[in-house]
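Please keep the sequence and the structure in view as you go through them.

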Amino acid sequence: MSAAKPFSISKQQVMRAFELVKANKGAAGIDNQSIECFEKDLKSNLYKLWNRMSSGSYFPLRLKP
């Protein structure tokens with residue numbers, strides 16, 4: 001049995017958000033991961049991000065300095 005995701009977030013919305021951040025020369029987030037590093041495995045990273053966001057289990061981790 002497949003349970004529906006509690007948040008309605010499309011994969012296209014996640015991709016568009018990434019494109020906007022990249023176009024705006026967005027900085028690394030709280031996890032200090034750069035756009036360039038994120039893009040190295042873009043498809044997998046966007047899928048994981050979408051999956052966690054749409055299930056309500058996304059909490060960015062802060063790396064220690």
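**Notes on the pocket and the helices**

1. Helix 3 gives the most to the lining of the largest pocket, with 6 residues; helices here are DSSP runs of H or I with at least four residues, numbered from the N terminus. This is a predicted model, in which local features need pLDDT of at least 70 and side-chain atom pairs count only at pLDDT 80 or more, while totals for chains, interfaces and linings use all residues. Residues are numbered from 1 along each chain as its sequence is written, and side-chain values use heavy atoms, with hydrogens and water left out.

2. The largest pocket has a volume of about 720 Å³, and of the 26 residues that line it, the closest to its centre are Asp31, Gln33, Phe38, Leu49 and Tyr58. On a 1 Å grid over the protein atoms alone, a pocket is an open set of points where a 1.4 Å probe fits, with protein on both sides within 12 Å along at least five of seven lines, and lining residues have an atom within 4 Å of a point. The volume is the space filled by probe spheres set on the points, which are joined across faces, edges and corners.

3. In helix 3, Asn45, Leu46, Trp50 and Ser54 are buried (under 20% relative accessible area, with a 1.4 Å probe and protein chains only). These residues lie on the same side of helix 3, because they cover an arc of only 145° around the axis, taken from the directions from the helix axis to the C-beta atoms.

4. The mean pLDDT of the protein (the predictor's confidence in each residue, from 0 to 100) is 85, and 88% of its residues reach 70 or more.

Terms used: Helix = DSSP H or I, 4+ residues; strand = E, 2+ residues; numbered from the N terminus. Buried < 20%, exposed > 50% of the residue type's maximum accessible area, 1.4 Å probe, protein only.
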